[in-house]
Amino acid sequence: MDVAPGIPVDPVISVRNLHKWFAGVHALRGVSLDFARNRAVGLVGDNGAGKSTLISILAGLYSPDEGEVYVEGRPVRMRGPRDAMELGIETIYQYDSLVPSMSIARNLFIGREPVRASLFGVGILDERRMRSETVAALSAVDLHLRSPDAVVAELSGGQRQGVAIARAMHFKSKVLILDEPTNHLSVKETNKVIDFVRSLGGQGVTSIFVSHNMHHVFACCDRVVAMAHGRVVLDRNIGETSIEEVYDVL
Ligand SMILES: Nc1ncnc2c1ncn2[C@@H]1O[C@H](COP(=O)(O)OP(=O)(O)O)[C@@H](O)[C@H]1O
Ligand SMILES: [Mg+2]
């Protein structure tokens, strides 16, 4: 792995020899990578290269058919997205990671709803706490929305990505995976996401930024990993490569 001299290699996630088949398609063909703490890695490659399959394994959606995933040095076998969340791995998908028909506050706490005991001992949602924490979470990522009760369907694409980002930051994820988060966003919203990814290392978050756009990767990542046909074909620190060199291997 390329790491500048003097910086200790402290991988928060490592994968070794990952293979994944889908009904005859060999989508991952022996992927091994280390994700160093507080660094942003750009993951690039053509359609079908295996990027989404790789991050779906890290997000707990798929199990590898072969190979190992290590989180902070420990081998893990995730059985679902909740296991990934508990390990501090949060994923923001290309399309909605949110439920459009629900409020911003409900979306922020989806799967982690705070409950308080009612008179009859039945747990009920602590809506007041959800609202106040949502307001704090949104302003922490500089997102100013009308009300935590607004329905997500009413938000723009950029605002929705903002809510997904606020959720990941609020629950203090260690690793944030962003799969094509700038697709369908305006230039202004895209720049906001890029600035955000650039700020993550300083906030103690390791990130994996999947993108088709090499300029976006070079604007916010420390390192670029290129995949083709289920394999890693290039792995360099951003300062030691160029957009042309990355295009050449794809
Ligand atoms: N759920 C699935 N079922 C069948 N084939 C899949 C599935 N997911 C991915 N694939 C196949 O695996 C390969 C890698 O896909 P993917 O990981 O989505 O690539 P990328 O995200 O780089 O575009 C492709 O050939 C794709 O068609
Ligand atoms: Mg993909």
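A polar contact is a pair of N or O atoms within 3.5 Å, and within protein one of them must be able to donate a hydrogen and the other to accept it. With that in mind, let us walk through this predicted model, starting with a single residue. Asn-107 sits in helix H3, which covers residues 104–108. Its side chain comes to 3.3 Å from the backbone oxygen of Met-102. Is Asn-107 buried or exposed? Asn-107 counts as buried, because its relative accessibility is 0% and the cut-off for that class is under 20%.

Now turn to ligand 1. Which residues surround ligand 1? The shell consists of Phe-22, Val-25, Ala-27, Asp-46, Asn-47, Gly-48, Ala-49, Gly-50, Lys-51, Ser-52, Thr-53 and Tyr-62. Sorted by class, these shell residues are 5 nonpolar, 5 polar and 2 charged.

Several of these neighbours can be looked at atom by atom. A polar side-chain atom of Thr-53 is 2.5 Å from an oxygen atom of ligand 1. The backbone takes part as well: a polar backbone atom of Gly-48 lies 2.7 Å from a ligand 1 oxygen, and for Ala-49 a backbone N or O atom is found 3.2 Å from an oxygen of ligand 1. How much of ligand 1 does the protein bury? On its own, ligand 1 exposes 560 Å², and the protein buries 62% of that area. Two elements each give two or more residues to the shell around ligand 1, namely strand E2 (25–36) and helix H1 (51–58). Of these, H1 provides the largest share of the shell, with 3 residues.

Rolling a probe the size of a water molecule over the atoms shows where empty space is left. The largest pocket has a volume of about 350 Å³. It is lined by 21 residues, and those closest to its centre are Val-141, Asp-142, Leu-143, Gly-162 and Lys-192. Helix H5 (157–170) and helix H6 (187–200) are the elements that give two or more residues to this lining. Which helix gives the largest share of the lining? That is H6, with 7 residues. By class, the lining of the largest pocket is made of 8 nonpolar, 8 polar and 5 charged residues.

The second largest pocket has a volume of about 260 Å³. Among its 14 lining residues, Pro-81, Met-85, Glu-90, Thr-91 and Tyr-93 are the closest to the centre. Here the elements with two or more residues in the lining are helix H2 (81–86) and strand E6 (89–92). The lining of this second largest pocket divides into 9 nonpolar, 2 polar and 3 charged residues.

Val-135 belongs to helix H4, residues 127–140. Along the chain, Val-135 and Leu-145 are 10 residues apart, while their C-alpha atoms are 8.6 Å apart in space.

Where is Asn-183 found? Asn-183 is in the loop between strand E9 (175–179) and H6, the helix that also gives the largest share of the lining of the largest pocket. With a relative accessibility of 25%, Asn-183 counts as partly exposed. Asn-183 and Gly-158 are 25 residues apart in sequence, and 9.8 Å separates their C-alpha atoms.

Conventions: Residues numbered from 1 in each chain as written. Chains lettered and ligands numbered in written order. Predicted model: local features only at pLDDT ≥ 70, side-chain atom pairs only at ≥ 80, totals over all residues. Heavy atoms only, no water. Near = heavy atom within 4 Å. Areas by Shrake-Rupley, 256 points an atom, 1.4 Å probe, with all protein chains shown as cover. Helix = DSSP H or I, 4+ residues; strand = E, 2+ residues; numbered from the N terminus. Nonpolar A, V, L, I, M, F, W, Y, C, P; charged D, E, K, R; others polar. 1 Å grid on protein atoms, 1.4 Å probe; cavity = no way out; pocket = protein on both sides within 12 Å on 5 of 7 lines; lining within 4 Å. Points joined across faces, edges and corners; volume = space filled by probe spheres on them. Buried < 20%, exposed > 50% of the residue type's maximum accessible area, 1.4 Å probe, protein only.
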